[in-house]
Structure formats: C-alpha cells, structure tokens
Amino acid sequence: MSNSDQILDDVTKKEYEYGFYTEVESDRAPKGLNEDIIRLISTKKNEPEWMLEWRLDAYRKWLEMTEPTWLKPKYEKPNFQDITYYAAPKKKKGPDSLDEVDPELLKTFEKLGISLDEQKRLTGVAMDVVVDSVSVATTFKKTLRELGIIFCSMSEAIQEHPELVKKYLGTVVPKSDNFYAALNSAVFTDGSFCYIPKGVKCPMELSTYFRINEAGTGQFERTLVVADAGSYVSYLEGCTAPQRDENQLHAAVVELVALDDAEIKYSTVQNWYPGDANGKGGVYNFVTKRGICEKNAKISWTQVETGSAVTWKYPSCILKGDNSIGEFYSVAVTNNHQQADTGTKMIHLGKNTKSTIISKGICAGSSDGSYRGLVKIGPRAHNARNFSQCDSLLMGDGCGSHTFPYIETQNKTAKIEHEATTSKIGEDQIFYCNQRGIGTEEAVALIVNGYAKEVLNKLPMEFAVEAQKLLAISLEGSVG
Amino acid sequence: MLDIKNLHASIEEKDILKGINLQVKPGEVHAIMGPNGSGKSTLSSVIAGREDYEVTDGSIDFLGENVLDLSPEERAQLGIFLSFQYPIEIPGVSVSNFLKTSINEIRKAKGEEPMGAADLLKKMREKLKVLEMDKAFLSRSLNEGFSGGEKKRNEIFQMAMLEPKLAILDETDSGLDIDALRIVAQGVNKFRNKDNAVVVITHYQRLLDYIVPDVVHVLMDGKIVKTGDKNLALELEDKGYDWIKKEVASL
C-alpha cells in the first residue's frame with residue numbers, strides 16, 4: 001500500500017470527531033405528524049392562536065404537495081410519520097444564566113470547543129444556543145437591548161414581539177414555497193429571531209450554534225433576520241451534529257429582510273454528520289434560505305458546507321429595490337458518499353441591481369457535488385449586472401462535479417458574466433509541499449484553503465479559522 | 001553526509017539509474033553534469049523521494065540514516081532540499097504562508113516550537129535582500145504567474161529560509177539571464193558554510209563560474225562515468241560530451 005493510500009485508509013476509517021451523544025432527559029412528542037401534533041407543538045410553546053392557525057394552514061398546504069424529484073442527489077425518502085416533531089430538554093423554567101443550564105449540555109459545548117464562557121470572554125460574540133430546538137442560553141442580550149436590537153429565540157419573539165413576527169414571517173419564503181418550507185412552517189419548534197432598528201449598526205457578530213441532539217428527532221429551525229432601514233448586521237450560523245445511524249432530516253427556513261439602505265451579512269459553517277465511509281447515516285440537509293433587498297440594500301451569503309449526507313440548499317436574494325446588491329460566496333466540500341446540490345438564485349427586479357456569485361466546489365472520495373444557480377433579470381431591472389464564477393476541484397477519480405447555471409433575462413440592458421473551471425489537485429503539488437517538509441494531509445489543507453481563499457476571506461475572522469480547520473478535517477486523506 | 005551506493009532506479013519498468021555511487025561531505029559543492037536523458041533529474045527526484053520512481057537496488061544514506069525508508073517530507077525535515085527544475089504553482093497560497101507552513105512543519109518534526117511571526121518576517125526580509133527581491137513578492141500566490149527567473153529565485157529564497165543541510169539545485173540556471181544567474185549564485189554562495197553541502201545539477205558550465213564546485217561528476221546513461229575537479233567542467237564546455245562517450249566505450 002502506498003503512502004497516500006495508507007493515509008486515505010486511515011482517515012476514511014476515522015470516526016466522526018463530534019460523534020458523541022449528550023444524555024439529557026427530554027420531553028418528546030409521539031412520532032408522526034397530524035394536526036394534533038401541530039396543536040401539541042403550539043400548546044407546548046404557549047403560542048397565540050394566530051400562530052397555530054398559521055401552522056395549520058402550512059400543514060394543509062404541505063399535504064397537497066409532493067417531494068421534489070429534480071435533485072441530482074439520490075436518497076431514501078424520509079418517512080414523515082416516523083419522525084418526532086417535538087423534543088425539548090426538560091427544565092424547570094427558562095434559565096437566566098449559564099449556571100442554570102444542564103451541565104451535560106455545557107459539556108457538549110466543551111467537546112465542540114465552543115465553551116460559552118470562552119466565547120463570551122474572548123470574542124464578544126453573543127450567542128443564542130439552540131440544542132434540540134429549544135434555546136437554553138442567551139448571552140449579551142443586555143448590550144444589544146440598549147441599542148434596541150432584538151436577538152432571541154423564535155419562540156420568545158412570538159411571545160414578546162408578535163407584531164414583528166406577524167409582519168415579516170413567511171414574507172420572503174411563503175408557506176407554500178416548496179415541500180420542505182411548508183413542512184417547516186407547520187412544525188418548526190424554534191430558531192432565532194433578530195431585529196436591528198433603523199440606522200443601528202450591530203456592534204458584534206450575532207452567532208447561533210445549532211445542534212441536532214436527540215435520536216430520530218427532525219430539526220426544523222426557523223430563522224428570521226430583519227434589518228430596518230440603514231442598519232447593519234453580521235450573523236453567524238455554525239452547526240455540528242452528533243453521530244447517528246439513522247438518517248436525520250433537517251429542513252430549516254431562513255428569511256432575511258433588508259429594508260432600504262440596510263445590509264445583512266449571513267455566514268454559515270455547516271458540519272453535520274456526513275454519514276460513515278460506506279454512506280450509512282448522516283444528516284439530510286434540506287434548507288430554504290432567502291433574503292429580500294429593498295432600495296440600496298445589500299445581502300451577502302457566505303457558506304462553508306462540509307457536512308451532511310445530502311445537502312439541498314440555495315441561499316438566494318430577491319433584489320427588489322433599485323441599486324440593491326446580492327452576494328453569494330460558497331465553499332462546498334463533499335467526501336466519501338456525500339451528495340451536495342447547492343447554489344443560489346439571484347432575482348433581479350430593481351434597476352441597477354448587482355449580484356456576485358463565487359462558488360467553489362471540492363469533491364473527494366465517491367462523492368458528488370453540484371452547483372445549481374439561477375440568475376434571473378426581470379423586465380424592469382435596467383442595467384442589472386451579474387458576475388458568476390463556479391470552480392470545481394476534484395480529488396481522486398471516484399467523485400463527480402456538475403454545474404447547472406440557469407440564466408433567464410427579460411431585459412436587454414443586463415450584463416451577465418459566467419466563468420467556470422475544473423481542476424484537480426496534482427501529485428506534483430503534493431510532492432512539492434512534501435519536499436518542503438509538509439506532510440500530505442497538511443499539503444491538501446494548504447492547497448484547498450488556497451483554492452477557497454476568495455470565499456474564506458469573506459468570513460468573519462474567528463469563523464474563518466474554524467472553517468479552515470474544518471476544510472482540512474473533511475478532506476483528510478482524500479488524495480489517492 | 002550523503003552516501004549513495006550502487007543506486008539503481010527505474011520508472012515504469014525502464015531503468016534510468018544504473019549503479020550510482022556518490023559521496024558528498026559537509027562544506028563541499030558537487031556539480032553533476034551530463035547530456036539530456038542521462039538521469040540527472042531522476043537522481044535528484046530519487047534522493048528527494050518521489051514515489052514515481054522505484055529504487056531497485058543500492059542505498060542512499062543521509063547523515064547516517066537510510067533515507068529510502070523515509071517519506072519525502074521526512075527527508076526534507078532531515079535537511080534535504082530540492083530546488084525544482086519546474087517549480088509548481090499553488091494558487092491562493094502566498095509565498096509567505098507557504099514558507100511559514102514549511103518552516104513550522106520542519107520545526108515541529110524536530111520537536112521545536114513554531115517560529116514567531118515577527119522573527120519569520122525579519123528573516124524573510126533579510127533573505128529577500130540577498131536575492132534582490134521585493135517584499136511584495138511575499139504576498140503573491142506561490143509561483144502563480146511568476147516568470148521563469150522569479151520561480152528560480154523563489155526556490156533559492158526558500159532554500160535560504162529553510163537552511164537545509166543538503167541543497168540539490170536541479171538546473172536552477174535554466175531560463176535565467178546573466179543578471180538573474182549572478183543573483184541566484186550570490187544567494188547560494190551566501191548560504192554555503194562548512195556544515196552544509198550543495199549539489200548542482202546543470203547542463204552548462206556558466207553557473208559554475210559563480211558557484212565554484214569542489215568536485216565535478218559526469219553522468220551518462222545512468223552512471224557516473226567521470227569525476228574530476230572544476231577543470232573538468234571547463235573541458236566539457238570546450239569539447240562537449242562526445243570525447244567522454246568515446247572514452248567510456250573504449251573501456
């Protein structure tokens with residue numbers, strides 16, 4: 001066995017590092033989905049009547065929809081009656097501080113290297129931590145409150161700020177938008193809500209760590225970020241999940257609203273369990289993420305996707321207002337038997353709207369990665385501009401990479417550029433690094449990080465370091 | 001320092017090296033000359049540990065260790081440096097980041113702490129000066145869009161930074177104009193000391209005007225057929241390789 005084969009072998013047999021399971025007593029609903037379950041969720045969460053009606057309406061719409069079949073990834077369809085739709089860690093009442101948080105949970109965070117104390121002290125990042133759908137710790141709320149910024153769990157927002165939730169929920173991703181968005185609308189248990197008032201620049205990165213924790217629990221997060229006129233916010237979403245044999249479904253919905261002159265920067269690092277080397281297990285990540293830009297507003301999506309067995313995700317921008325800007329920067333890594341179908345949609349409606357798409361796919365093992373993107377220029381979008389660059393980096397001979405760029409334009413003044421490249425990590429590059437004392441693993445990390453640099457540079461500093469490490473871990477030993 | 005005995009190596013079943021014997025001591029400069037296809041670059045690749053080549057017989061000892069059992073990075077960590085004939089491009093990785101990784105991986109292998117950013121930068125600036133290179137060079141992507149001359153200078157810059165025990169320069173002079181040649185040679189001469197050694201692989205004598213060898217070897221058809229002092233290089237420049245071929249044939 002040659003040296004690189006040996007490494008490949010070692011690593012593909014290596015277990016998922018975050019594959020542990022936290023024992024926390026939980027309060028869970030019976031498996032399956034019907035109107036009673038939705039009523040139960042709504043009651044458990046002490047929701048107002050309008051929210052329950054909203055959910056039920058979504059559920060009825062969902063019943064009439066069918067699962068999409070146009071995806072490139074092939075997977076076993078989830079059995080929606082075999083999923084538990086509600087599970088919450090048992091608690092006396094909402095904890096006011098970390099001391100009240102279940103020590104088991106805190107230990108989990110320590111294993112992930114994200115001790116809250118450390119986060120609070122060193123980085124000044126306010127975190128709304130979500131474990132199994134219910135927020136258990138919220139920090140830095142006070143500082144934010146002084147600025148009028150609302151950053152809380154979705155459940156809390158429904159209780160405390162119903163007028164805002166009512167006004168914006170479902171306005172960017174309607175209940176009937178797609179099969180999984182409808183499902184999410186019916187059964188979401190929690191998520192994050194963020195509101196930045198007029199003219200306020202949020203002084204810190206708002207960060208949420210999501211984790212899926214309970215065996216067989218589907219996770220249906222709902223995130224809503226509203227940046228009022230002239231405001232700015234940078235929002236970070238990071239995810240890791242413990243190891244499971246059965247596939248876990250994750251169908252989140254994220255809605256961003258950037259009002260006139262506002263800017264939202266939304267960064268994601270996604271590292272859910274990808275399944276083992278034989279393609280067994282892993283998370284199904286079917287997410288709907290979309291933002292709407294009013295006049296002169298800007299939305300920037302940055303994502304580093306290394307996890308999940310199947311990813312289906314297109315963070316999109318509706319450039320409704322004149323002069324608004326949409327950006328999408330993505331690195332998607334697939335290894336072993338992972339499948340990813342990801343990209344973006346840039347819908348240009350306003351005049352002088354601009355969008356930029358930089359997509360970097362990295363495929364290794366027997367994985368399959370697709371970029372699927374739509375650039376649509378509406379009839380009134382005079383002088384709209386788009387630049388797209390879709391690169392693929394292949395490692396080994398067993399993987400596949402595909403690009404599906406769709407362009408629809410109804411306005412002759414539009415300027416659209418599309419560039420695409422496919423390359424392979426060469427043995428020459430590896431040997432060159434080796435000769436400088438850099439081992440093969442480290443060399444792959446170096447080369448891949450160089451390749452993805454344009455995207456990694458867009459991430460906030462503390463996230464960029466984590467993302468770099470994650471890229472290296474995900475691809476360990478994949479050069480053969 | 002370097003002790004090669006009866007080295008045989010092949011690629012895809014084709015024998016390239018057919019019994020090389022070579023001893024290099026600390027403080028020495030050896031030149032290996034020879035016509036195209038004689039096995040010069042193969043020899044450097046085999047010493048550095050390139051997997052494409054299969055060593056079928058013989059041994060390579062470096063500082064008393066049998067390097068044939070070591071991976072390419074372990075050899076580099078021991079102090080073997082190869083200046084590539086065709087340096088490889090790595091897009092998005094800056095020269096400084098690459099060097100930092102390289103230096104710190106080598107230090108890690110020796111059980112040393114990583115070098116601090118300030119020390120590293122200071123050293124880089126010093127070495128850049130010797131090679132008459134601008135510091136803007138540090139932030140460029142490794143070898144990407146470099147001219148032939150810049151690539152070679154970058155190799156010698158890395159050598160100066162890594163301070164290996166043994167530097168093998170594989171046709172470092174090819175593609176260099178006379179000024180660049182002088183600067184590169186200056187870098188090599190500045191690097192030399194009584195504890196390290198340099199093996200210069202070249203077609204032409206002109207580099208040896210600047211880097212004066214202690215020993216000159218002629219490699220032909222996978223074997224060292226003649227060894228002499230620096231005058232041998234001059235003689236080759238003057239008369240070409242044919243007379244040696246005849247000499248070998250008559251044996």
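This briefing covers cavities, aromatic pairs and charges over rings. The model is predicted. Seven cavities of 30 Å³ or more are counted. Over all chains there are 20 aromatic pairs.

**The largest cavity**
- The largest cavity has a volume of about 140 Å³.
- Its lining is made up of 19 residues. Nearest the centre are Ala332(A), Ser359(A), Gly361(A), Ser370(A) and Tyr371(A).
- Strands of chain A that each supply at least two lining residues include β17 (325-334), β18 (339-348) and β22 (400-409).
- β19(A) contributes the most to this lining, with five residues.
- By class, the lining holds 11 polar, six nonpolar and two charged residues.

**Aromatic pairs**
- Trp62(A) and Phe80(A) form an edge-to-face pair, because their planes stand at 80° with ring centres 5.4 Å apart.
- Trp62(A) belongs to helix α3 (residues 49-63), while Phe80(A) is in the loop between α3 and β2 (87-89), 18 residues apart. Both residues are buried.
- Tyr235(A) and Tyr266(A) are stacked, because their planes are at 15°, with centres 5.1 Å apart.
- Tyr235(A) is in strand β9 and Tyr266(A) in strand β12, so this pair ties together parts 31 residues apart in sequence.
- Tyr235(A) is buried, at 0% relative accessible area. Tyr266(A) is also buried, at 0%.
- Ring pairs also build a cluster, with Tyr59(A), Trp62(A), Phe80(A) and Phe179(A) among its members.

**Charges over rings**
- In chain A, Arg372(A) lies over the face of Phe404(A), 4.7 Å from the ring centre.
- In chain B, the charged end of Lys239(B) sits over the ring of Trp243(B), 4.5 Å from its centre.

Terms used
Residues are numbered from 1 along each chain as its sequence is written. Chains are lettered from A and ligands numbered from 1 in the order in which they are written. This is a predicted model: local features need pLDDT of at least 70, side-chain atom pairs count only at pLDDT 80 or more; totals for chains, interfaces and linings use all residues. Side-chain values use heavy atoms; hydrogens and water are left out. On a 1 Å grid over the protein atoms alone, a cavity is a set of points where a 1.4 Å probe fits but cannot get out, and a pocket is an open set with protein on both sides within 12 Å along at least five of seven lines; lining residues have an atom within 4 Å of a point. Grid points are joined across faces, edges and corners, and a volume is the space filled by probe spheres set on the points. Helices (H or I, at least four residues) and strands (E, at least two) are DSSP runs, numbered from the N terminus. Ala, Val, Leu, Ile, Met, Phe, Trp, Tyr, Cys and Pro count as nonpolar, Asp, Glu, Lys and Arg as charged, and the others, Gly among them, as polar. Rings of Phe, Tyr and Trp (its six-membered ring) pair if their centres lie within 6.5 Å; planes under 30 degrees apart count as stacked, over 60 as edge-to-face and the rest as tilted. Buried means under 20% relative accessible area, exposed over 50%, partly exposed in between (1.4 Å probe, protein chains only). A charge sits over a ring if NZ of Lys or CZ of Arg is within 6 Å of the ring centre and within 35 degrees of the ring normal.
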